[in-house]
Structure formats: structure tokens, C-alpha cells
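Student: Can you take me through this model? I would like to start with the ligands and then move on to the voids and the backbone.

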Amino acid sequence: MNKSKVAIVKCDTYDEKDVQRAVEAGLDLLGGLALFVKPGEKIVMKPNVLVGSKPEKCVTTHPAVFKAVGRLLQGAGVNLYYGDSPSFGRPGFNLKRARLKQAGDELGIELADFDKGRAVSHSDSLLIKSFVIANGVLDSDGIVSLPKLKTHPLTRFTGAVKNQFGCIPGFLKSQYHVKLPDPYDFATMLVDLNTLIRPRLCVMDGVIAMEGNGPRSGRPRKMNVLLFSSDPIALDSTACRIIDLAPEIVTTSEPGEKAGLGTYHSENIEILGEEIESLVAHDFDVIRRAPMPGSAGRLSTFIKNRICERPRIDKAKCTNCGTCVKMCPVDPKAVDWHGGDKSKLPTHDYDRCIRCYCCQETCPEGAISVETPLLGKIYSRI
Ligand code: SF4
Ligand code: SF4
């Protein structure tokens, strides 16, 4: 069996020259861009633009990484586009706030259509037989995925596999949370999405990662690495090893291997460049427990509310902006001004809550975090 290759290159800053050198070194280690793209092909770069946010907040893929990869793809003769569908709002607006629109302008490349999409079937999937995919992705020959290394309460870690979720346009994304409230089903859907799209190459921005209350409200954490692979499962598992998170805990690992998307077993991964051991951050702030099976979907509400993690609003930080209410995908809403009094702060109704964390992910104030009830803490230690 051929091993999956993951290249790791140290990069201490977002200085454009340093990033360019590091990206060139990483792609050389993998054997060169010609292995992944051909001249004349229409290729879409897909950064992580969860929401439009300044690069220094570390929510989005840094423009320096975007530009470095873009320059090399242009040098390889591809017809280059870019885009992403954020959690909410139009792609163009969010890309501008993340300074990726400006980076795209500097490269002289255009936005692909991530506003609208079309249905495509996926008969070889594990779970989801049809997806609506952004036109920009469907009209391309392939995508190059540019994930950011960050924490996430649902999947524990968000990297190469989850980055393709932004290939589903607009609010259709949130409907997958409603249809698939079990975190393991949701992860299987992400794997299916990846086996449908099959990114040609993934380049992960881990120069300054995000720890703690990610993927939007965590703390920037210098990790000084860029990772490269055509295997998104191997790439994610390598990033997990660097942040001292067992790849088995990440919900996309097992279905990813089962679906043939890639491998998370270290014996099947060839590491090129830096050794993992020299980079490991044992104190990286990430949830190191696996999500409980059926933590939202199949557990009875009574048990769920006593042991499962849940979102919690910090009243001192909440500005009553209502974003969490707007983004909650369940009907009736699980976070709302219950009673209709908008002069008070929204509250969660945990009986309705499916623990999708769309509210936590999009809260602009970082006012929502994850808490574990006492019984859940005891259960997780058994
Ligand atoms: S999104 Fe955050 S700040 Fe806005 S109402 Fe909800 S908890 Fe408060
Ligand atoms: S309250 Fe938050 S975690 Fe619960 S269903 Fe709504 S968005 Fe998801």
C-alpha cells in the first residue's frame, strides 16, 4: 500500500517572502505542483472564511498563504479562481473583510460563484446520496483547499476535511445540522462531501492557529507550521498530532478511512520535512474527549441534558445582537428571546438544542462557549 504523504514546513511569520519560501518548499517536498494540476485547468482556491474577520484574528486563512499558493498555481499555468461560502452573509463581503478579496485582486483572479449551486448525486457515498454544491466548484476542474488549523466544539478540530463544508452554498449548510444532529453522522456527511469534491491538494495554515473557543472566538496560537497533502485525512491527523489531539477523537477520521478518502494511521503516513516531535504543543487548548455517540440525535432528551456538552451564554459578554438566534437552525429556535422580550438576553432551551454549535460558531462577541454538566464530566472520566 502506498503511504499518504504529508509535508511539514516551519514558517514563523506571515511575512510574504517567508510564506512564499515555505509554500515552495512544501510543494517541492510533495513532488511539485505538476502532480496535482495541469496547465489550462480551471482550479478554485478554497480558503477558510467562516466569517469575514481581520487576518490577525486567525479565524480565516491568512492572505499571505492564499497569495503564495495562488502565485505558484498561476506559475503552473492554471486558470485560477477562488471562493468560499461563509456561515452567513455574502461570500464577497466576507472575503473582503478577511482581506482575501484584496489578495485575489493582487493576483488578478476572479471570484467563483459560491452564492448558488446545483444538486449532484453521490451514489458511492457512505450516507448522503445527493449534495447541492456551489456552481464555482462544479464548474471547475478541481479545488485546492486552504484550511486553517483551529479548534471546533462539534468536530474538536477543524482543518482540511471540514473546509469543504464551505462548498455548500448559503444556509443549506445549516440544514445538514438539522438533518444530522448526531456528530458522527455529521462527520460522515463531511467525508461524503470530500469524496465527491476530492480536493486536488490541501495546504493548511498553521502559522498562527486558533485554540480554545474556536472556530471564531478562540485565542490565536503560534504554531509556526504549514502542512501540505493531497490526503485531507492524513493532513488533519498530522495536524492533530502536532496539537497533541488523538486523531481517533476527530469524528471524520474513521469514516474518512472507511470511505477511502485517506488514512489517519501514522504507520500509513509518510512525513516529509520537519519531524512532528519537534513541533508538538502538549498544552494546546482543545477538547481531548470524543463527542458522545448520539450526543444530540439519539440520546433521550433527559439523558442528553444531564451529560452532554452544551452551549452557554456569558451574560457579561453578550450584547444582545441576536446573531445566535438568527443562526440557530432548529424550528422552533433553541436559542431565543423566550417569551419574546427582546430587552432581555437570549437564552438556550436545551430540550430543543441539537448541539450543532452554529450559535457558538457565529457569535461575534465570543459570548458563547461550551460547558459540560457535572454528570457529563463524571461520565467522561469513567
Ligand atoms: S450572538 Fe452572542 S452576543 Fe449576540 S445575542 Fe447571541 S450570545 Fe449575545
Ligand atoms: S442553540 Fe446553538 S447549538 Fe443549539 S441547536 Fe441552536 S445553534 Fe445549535
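**Ligands, voids and backbone**

Tutor: Ligand 1 is surrounded by 13 residues, the closest being Cys318, Cys321, Gly322, Cys324 and Cys363; a residue is near a molecule if one of its heavy atoms lies within 4 Å of it. This is a predicted model, in which local features need pLDDT of at least 70, side-chain atom pairs count only at pLDDT 80 or more, and totals for chains, interfaces and linings use all residues. Residues are numbered from 1 along each chain as its sequence is written, chains are lettered from A and ligands numbered from 1 in the order in which they are written, and side-chain values use heavy atoms, with hydrogens and water left out.

Student: How does the shell around ligand 1 divide by class?

Tutor: It has eight nonpolar, four polar and one charged residues. Ala, Val, Leu, Ile, Met, Phe, Trp, Tyr, Cys and Pro count as nonpolar, Asp, Glu, Lys and Arg as charged, and the others, Gly among them, as polar.

Student: And which residues are closest to ligand 2?

Tutor: Cys328, Cys353, Cys356, Tyr357 and Cys359 are the closest, out of 13 that surround ligand 2. The shell around ligand 2 has eleven nonpolar residues, one polar and one charged.

Student: Switching to voids. How many cavities of 30 Å³ or more are there?

Tutor: The structure holds five. On a 1 Å grid over the protein atoms alone, a cavity is a set of points where a 1.4 Å probe fits but cannot get out, while a pocket is an open set with protein on both sides within 12 Å along at least five of seven lines; lining residues have an atom within 4 Å of a point. Grid points are joined across faces, edges and corners, and a volume is the space filled by probe spheres set on the points.

Student: What is the volume of the largest cavity, then?

Tutor: About 300 Å³ for the largest cavity. It is lined by 25 residues, and Leu50, Ser87, Lys162, Phe165 and Glu361 are the closest to its centre.

Student: Which elements supply at least two residues each to that lining?

Tutor: Strand E8 (148–152) and the helices H6 (160–163), H7 (172–179) and H13 (358–362). Helices (H or I, at least four residues) and strands (E, at least two) are DSSP runs, numbered from the N terminus. By class, the lining of the largest cavity has eight nonpolar, eleven polar and six charged residues.

Student: What about the largest pocket?

Tutor: The volume of the largest pocket is about 350 Å³. Its lining has 21 residues, with Lys57, Arg216, Ser217, Pro364 and Gly366 closest to the centre. Six of the lining residues are nonpolar, seven polar and eight charged.

Student: And the second largest pocket, what lies nearest its centre?

Tutor: Gly212, Asn213, Asp285, Ile287 and Val370, from a lining of 18 residues. Strands E8 and E16 (368–371) are the elements that give two or more residues to this lining. The space in the second largest pocket is about 260 Å³.

Student: On to helix H8. How many of its 15 residues are buried?

Tutor: Twelve of the 15 are buried, where buried means under 20% relative accessible area, exposed over 50%, and partly exposed in between (1.4 Å probe, protein chains only). Among the buried residues of H8 are Phe186, Met189, Leu190 and Ile197.

Student: What span should H8 have at 1.5 Å a residue?

Tutor: The 15 residues of H8 (183–197) should span 21 Å, and the end C-alpha atoms are 21 Å apart, which agrees. The expected span is 1.5 Å times one less than the number of residues.

Student: What happens at the two ends of H8?

Tutor: At the start of H8, a side-chain oxygen of Asp182 reaches to within 2.7 Å of the backbone nitrogen of Tyr184. H8 is followed by Arg198, whose phi is positive, near 50°. Arg198 is partly exposed, at 41% relative accessibility.

Student: Where is Cys58, and is Cys58 buried or exposed?

Tutor: Cys58 is in the loop between strand E2 (42–47) and helix H2 (63–75), and is buried, with a relative accessible area of 2%. Cys58 also has a positive phi of about 65°, although it is not a glycine.

Student: Last topic: which residues does a cis peptide bond join?

Tutor: One such bond joins Gly214 and Pro215, with omega about 10°. Pro215 lies in the loop between strands E10 (201–211) and E11 (219–229). The peptide bond from Asp331 to Pro332 is cis too, with omega near 0°.

Notes:
Polar contact = N/O pair within 3.5 Å; in protein donor to acceptor, adjacent residues only side chain to side chain.
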